[in-house]
Amino acid sequence: MGRERTFIVTDPPHLSSGETVPRAMLDTMLALLPVTLVSVYFYRLNAVFLIAVCLGACVLTDVIARRIKGRRPSVSDLSVFVTGLILALCFSPLTPWWTVVFASILAVGIGKEWMGGLGWNRFNPAAFGRAGVIILAPVTVFLSRQFAGLGVRFPMSPEVVDSLTGATPLAMMARAELEIPHLRLLLAYPSGGGLAETSALALLLGGAYLLYRRHITWHIPVSILATVAVFTAVIGHNPLDHLLVGGLMLGALFMATDWVTSPITNPGRIIFGVMIGLLVVVFRVFLGPTEGVAFAILITNAFVPLIDGLTRRGVFGRVHAMKAAAAKAPTTKTA
Amino acid sequence: MSSGTFLGGIHPPAHKEATKGLAIEDAPLPGELFVPLHQHLGAPCTACVEVGQQVPKGQKIGDTEAFVSAPVHSPVSGKVTAIEKRRSFTGQEVLGVAIAVGSAEDQKATAYLEKIANWRETQPDVIRTRVREAGIVGLGGAAFPTSVKLSPPADCPIDTIIINGCECEPFLTCDHRLLLEKAEDVIVGALIMKQVLGASRVIIGIEDNKPDAIAHVTGVASGYPEVTVVGLHTKYPQGAEKQLIKATLDREVPARGLPMKVGALVQNVGTALAVAEAVLEGKPLIERVVTVSGPGVKRPCNLRVPLGTGLSHLLEQAGGLNAFAERLVLGGPMTGWAQADLGASVVKGTGGLLALDRAMAASRDEFLDCVRCQRCAQVCPMYLYPNFLATAAELKQWPVADREGALDCIECGACAFGCPSRRPMVRFIREAKAAVAEMQRA
């Protein structure tokens, strides 16, 4: 019991919940596992290859982009894997690998690292990458010419190939002739859209897990889906057509709920979700069937500081206290 | 009237099982005490004894004229061996009086104050002076001089005395034990303060993880119609003054205001006991109960020790440390002070000494940027956005930190507890507080 024994000095509090960013990112990847498995079931090695290319490109971009800024890689917080996985799930299995690599560079290099790294990015990196390759279509066309003949394609079952080469459900829906039963879309269907568009149910399972682990709240997904349902019903569409096709589920559950790029107040989250829902329907109905969800999320991301500012609560004792104190305090009461 | 809780807060593991069933023990006296002359919020005392002087137990050894302060007394009978600066539990050098503890026979000599048996017929000012002369300060941790709290301005009448028996900090059980072992005295102390302030009632708030204490105190209080016992939700920081008032009275203390603005006075269980002892027995505040616990301690216990007892003596009574004890915390684990060594001594605000192991103790040396997960804003009992506040502080944007309510923060640490980026929120916010206060003075 000598005084010579010394101890580690740290700031209070000296306890912690044990929650960490890597743990939360791991949970998010776990939540994406069901839909990933469904997509691999349909698209076989094509899905595996696409996901691997996307994850690899994202990790490499992180390391290089951060080295340019003289910072250590941020791979250990695992957020780059979540970005990579979500981005991969946004792409169709027929997407050439160079487009996916380009999207990864946009997502992680510009969408995240150039904006200051995890925590400082205004826009959801995956949505940024996905929308970026559409806006920068000339670049992808250029890349396609450069790498023509270097495409990689693995065998798939004939039925899947059939459905892939036909019109996507999103395109069918845009022409108001969706012929696939809703139940199949909900459970499992190789839609030809993004990898995540193979099973709405698998995505809902993942979302439920994130809710259970308290990584997200219900406000954003519910307000997005409810807005889409109500808005499409009002304009005379079948809401289920809209809810079950395209990237809506992935966007509502996994991209719009991104901590960094969504509002921090619950009322703000509902406003945010309603805005996304409205934009999704506007894009889908009036602008054609291309990645309306990614664009809707990106545009609404830009409004987050404004929404936060409008919906913040007042400090304890600053808003209601003076009134309450005047009404209650000095009168003598008996218990 | 009572909602029993407040908005926000966290549920850290309680870790109270090791000591909550253990009666308070009187530890054997150490050979030497070091009694700091600045154990409280407010002005430090100057020594009023000399080196070599014999002091009986209870004699005043330090005092000051300042209003916001409290004198310091010799906790034992002994001999002053030094008046010097030593490092205190905060890491700062503090002037104090070293006393060589006299023999057991010597301890019979006491210099207590005069007893006030008929306190119900005694003038408030006499009691206030007594509380001041007895050196009583808040024993919950902040150590604010109690006599000051008992002297509100005329335009702030107090109608309710709240006795804080929440003990929301994990591990600590000293207030729990006092409620079980000294309920009568605690209630009398509360009634004395109620009389001083002309208040109409006393509410004793106890978290519902102490059902035995609630039952016992309710039984004792049944003899006093003006005393109510309220069971409160177990949630940290339920024992924070403003949160306790919100939970028991549903009154919101104005931002940066004092509880007296809403007619309430909050005192810790131990403080109420000290007031009762000072008035009825004339005994100054010279000892307190300290919970020594944590996985790194061999024999966790609740010890009554004289102020100035060295931490090493405290640990000896608790059977010593395990080899894996890695961190030593004075106070509760949420707001306490990490100790680099055993050099500090027990002061009036010391409720616990904890030895934590690696698995339990949280390091915030390596942290990430804020990821806006919003957990901190959800739990902040002051309704701040600790994420924005701490980031502004990290970037030294003091005006932003000011707007984010740096001065409203009560430093409870609830935000940092659940932060997945492991950000040292409290450290950042403390820096901001100092800078904002500096800015406002300029």
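This is a predicted model: local features need pLDDT of at least 70, side-chain atom pairs count only at pLDDT 80 or more; totals for chains, interfaces and linings use all residues.

Visitor: What order do the strands of the open sheet in chain B have?

Guide: Strands of a sheet pair through backbone hydrogen bonds, either parallel or antiparallel. Strands here are DSSP runs of E with at least two residues, and helices are runs of H or I with at least four, numbered from the N terminus; two strands pair if DSSP finds at least two bridges between them. In chain B, four strands form an open sheet in the order β11-β10-β9-β12, with parallel pairing. Strands β11 (227-232) and β12 of chain B are at the edges with a single partner strand each, so one side of each lacks a neighbour in the sheet. On average, neighbouring strands of this sheet are turned by 25° against each other, direction ignored; axes are lines fitted to C-alpha atoms, for helices over the stretch in contact, and angles run from 0 to 180 degrees between N-to-C directions.

Visitor: Which helix packs on the sheet?

Guide: Helix α6 (residues 211-221) of chain B does, touching β9, β10 (201-207) and β11 of chain B, and its direction makes about 170° with that of β11(B). Two residues are in contact if their C-beta atoms, placed from the backbone, lie within 7 Å.

Visitor: Why is β12(B) described as largely enclosed?

Guide: A residue is buried if 20 or more other C-beta atoms lie within 10 Å of its own, exposed if 12 or fewer, and partly exposed in between, with C-beta atoms placed from the backbone. Five of the five residues of β12 (264-268) of chain B are buried, so the rest of the structure largely encloses this strand. B:A264, B:V266 and B:N268 point one way, and B:L265 and B:Q267 the other. Five bridges join β12(B) to the parallel strand β9 (residues 160-165) of chain B. B:T160 stands opposite B:A264, and B:I161 has B:L265 as its bridge partner.

Visitor: How many residues of chain A are in contact with chain B?

Guide: 46 residues of chain A are in contact with 68 residues of chain B. On the chain A side, α1 (21-43) and α17 (321-328) each supply at least two residues, and α17(A) gives the largest share, five residues.

Visitor: How far apart are the centres of the two domains of chain B?

Guide: The domain assignment, automatic or from a database, gives domain 1 (114-280) and domain 2 (375-441) of chain B. Their centres, taken over C-alpha atoms, are separated by 29 Å. Six residues of domain 1 of chain B are in contact with six residues of domain 2 of chain B.

Key
Residues are numbered from 1 along each chain as its sequence is written. Chains are lettered from A and ligands numbered from 1 in the order in which they are written.
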